[in-house]
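Subject: The structure we talked about

Hi there,

Here is the structure I promised to hand over to you. Have it open while you read, and turn it around as you go.

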Amino acid sequence: MKYNHQIRAKNVRLIGIDGKQVGVVTLQEALATAQESGVDLVEVVPTAEPPVCKVIDFGKFRYDQTKRKREGKKAQHQVKLKEVKFKPNIDTHDFEFKLKRARGFLEKGNKVRVVCFFRGREMLHRDIGEKVFASFVQHLEDIGTAESSPKLMGRTLATVIAPNSTSVTTK
């Protein structure tokens with residue numbers, strides 16, 4: 001960001017200290033105007049033809065820019081990966097409770113990692129776990145989509161469900 005004598009253009013479009021447009025003037029005239037006001041000449045839009053310069057205090061201008069950036073970051077939503085775990089022999093109430101939690105995560109715009117883990121002899125009856133898992137993913141189809149098909153890694157069956165863009169609530 002250039003200001004005062006760092007600006008190299010011959011002519012600039014000048015915006016006065018009151019925020020009104022003065023017009024296209026030479027760089028020397030713009031610097032003289034800034035010096036009379038006791039503030040700096042700051043190049044606001046260097047890509048314009050001619051560059052747009054504003055008569056403003058440079059320190060205040062930088063402070064306002066960083067403040068605007070911070071405000072922009074506050075408004076952004078960080079997508080987090082939440083996890084819901086269950087076993088293949090899950091009770092219906094527990095299943096519905098986990099389903100409700102996953103639905104809440106998806107509504108807030110977070111991704112959900114759904115994990116069904118097998119213990120001991122449950123590995124012999126993987127088909128039961130796969131049915132429960134498929135049912136879980138099917139119940140969430142209206143609000144989210146599975147990023148990949150379920151994968152068995154060791155004793156866990158897992159996939160990630162991403163929220164649909166239309167189902168996300170901003171909060």
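Below is what was found in it, part by part.

Please keep in mind that this is a predicted model.

**A sheet of four strands**

Let's begin with a sheet. In what order do its four strands stand? The order is β2-β1-β4-β3, in an open sheet with mixed pairing. The strands at the edges are β2 (21-26) and β3, and each of them has a single partner strand, so one side of each is left without a neighbour in the sheet. From one strand to the next, the twist averages 35 degrees.

You can find both kinds here. Strand β1 (residues 11-15) runs parallel to β4, and three bridges join the two. To see this pairing on screen, look for R13, whose bridge partner in β4 is V52. Strand β3 (residues 40-45), on the other hand, runs antiparallel to β4, with five bridges joining them. Here L41 stands opposite V55 of β4, and V42 has K54 of β4 as its bridge partner. β3 and β4 also form a hairpin, with six residues between them.

Is strand β4 largely enclosed or largely open? Four of the five residues of β4 (residues 52-56) are buried, so this strand is largely enclosed by the rest of the structure.

**Helices beside the sheet**

Now look for helix α1 (residues 27-37), which lies across β1, β2, β3 and β4. Its direction is at about 125 degrees to that of β2.

F61 has a relative accessibility of 11% and counts as buried. Which residues does F61 touch, once its neighbours within four places in sequence are left aside? F61 is in contact with M1, V42 and I56. F61 and V42 are 19 residues apart in sequence, while their C-alpha atoms are 8.4 Å apart in space.

**Helix α3 and its two sides**

Next comes helix α3, which covers residues 92-107 and has 16 residues. From its first C-alpha to its last it reaches 22 Å, close to the 22 Å expected at 1.5 Å a residue. Its buried residues are F95, L99, A102, F105 and L106. Seen down the axis of α3, these buried residues fall within an arc of 120 degrees, so they line one face of the helix. What do they pack against? Their packing partners are β5 (81-86), β6 (111-117), α4 (126-139) and β9 (156-163). On the other side of α3, you will find H93, E96 and K100 exposed. After the helix comes G109, with a positive phi near 95 degrees.

**Salt bridges**

How many salt bridges does the structure hold? There are three, and here they are in turn.

- E83 pairs with R113, and their closest N and O atoms are 2.5 Å apart. E83 lies in strand β5 and R113 in strand β6, so the pair ties together parts that are 30 residues apart in sequence. E83 is partly exposed, with a relative accessible area of 40%, and R113 is partly exposed too, at 27%.
- R103 pairs with D142, with 3.2 Å between the closest N and O atoms. This pair links distant parts of the chain, as R103 sits in helix α3 and D142 in the loop between α4 and β7 (144-146), 39 residues apart. R103 is partly exposed at 24% relative accessibility, whereas D142 is exposed, with a relative accessible area of 55%.
- K111 and E147 meet through their side chains, at 2.8 Å from N to O. K111 belongs to strand β6 and E147 to the loop between β7 and β8 (151-153), so to speak two distant parts of the chain, 36 residues apart. K111 is partly exposed at 28% relative accessibility, and E147 is partly exposed with a relative accessible area of 47%.

Best wishes

Technical notes:
Residues are numbered from 1 along each chain as its sequence is written. This is a predicted model: local features need pLDDT of at least 70, side-chain atom pairs count only at pLDDT 80 or more; totals for chains, interfaces and linings use all residues. Side-chain values use heavy atoms; hydrogens and water are left out. The expected span of a helix is 1.5 Å times one less than its number of residues. Buried means under 20% relative accessible area, exposed over 50%, partly exposed in between (1.4 Å probe, protein chains only). The arc is that of the directions from the helix axis to the C-beta atoms. Contact means heavy atoms within 4.5 Å. A salt bridge is a side-chain nitrogen of Lys or Arg within 4 Å of a carboxyl oxygen of Asp or Glu. Two strands pair if DSSP finds at least two bridges between them. Axes are lines fitted to C-alpha atoms, for helices over the stretch in contact, and angles run from 0 to 180 degrees between N-to-C directions.
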